[in-house]
Amino acid sequence: MNTPVHQRKGSFLGTVRAVLWGFLGVRRNADYQDDIAKLNPLHLIAVGVGMAFLFVLGLIALVNWVAG
């Protein structure tokens with residue numbers, strides 16, 4: 001029986017790890033299926049948006065450092 005999405009209790013570190021693997025684009029199918037079963041999709045979206053924002057800020061800082 002599947003756990004309802006709003007009651008999934010994945011760890012913060014597990015969510016961050018899943019998002020980082022998603023950014024790289026490599027993931028074993030077994031780990032992917034495990035993430036689907038355990039992690040809350042809303043947490044994945046929030047962490048993904050936050051990490052994308054940090055990535056863009058890092059790129060901006062790098063460009064300003066190189067060009068400045």
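1. A salt bridge here is a side-chain nitrogen of Lys or Arg within 4 Å of a carboxyl oxygen of Asp or Glu. With that in hand, here are some friendly notes on the charged pairs. Please keep in mind that this is a predicted model. The structure holds three salt bridges, taken one by one below.

2. Let's begin with Asp35 and Arg27. Their side chains form a salt bridge, with 2.5 Å from N to O. How accessible are the two partners? Asp35 counts as buried, because its relative accessibility is 16% and the cut-off for buried is under 20%.

3. Next comes the pair of Arg28 and Asp31. The closest N and O atoms of this salt bridge are 3.5 Å apart. Is Arg28 buried or exposed? Arg28 is exposed, with 56% relative accessible area.

4. The remaining pair links Lys38 with Asp34, whose side chains meet in a salt bridge at 3.4 Å, N to O. Where do these two residues lie? Both belong to helix α2, which covers residues 29–38, and they sit four residues apart, about one turn of the helix. Lys38 has a relative accessibility of 47% and so counts as partly exposed. Asp34 is likewise partly exposed, its relative accessible area being 35%.

Terms used. Residues are numbered from 1 along each chain as its sequence is written. This is a predicted model: local features need pLDDT of at least 70, side-chain atom pairs count only at pLDDT 80 or more; totals for chains, interfaces and linings use all residues. Side-chain values use heavy atoms; hydrogens and water are left out. Buried means under 20% relative accessible area, exposed over 50%, partly exposed in between (1.4 Å probe, protein chains only).
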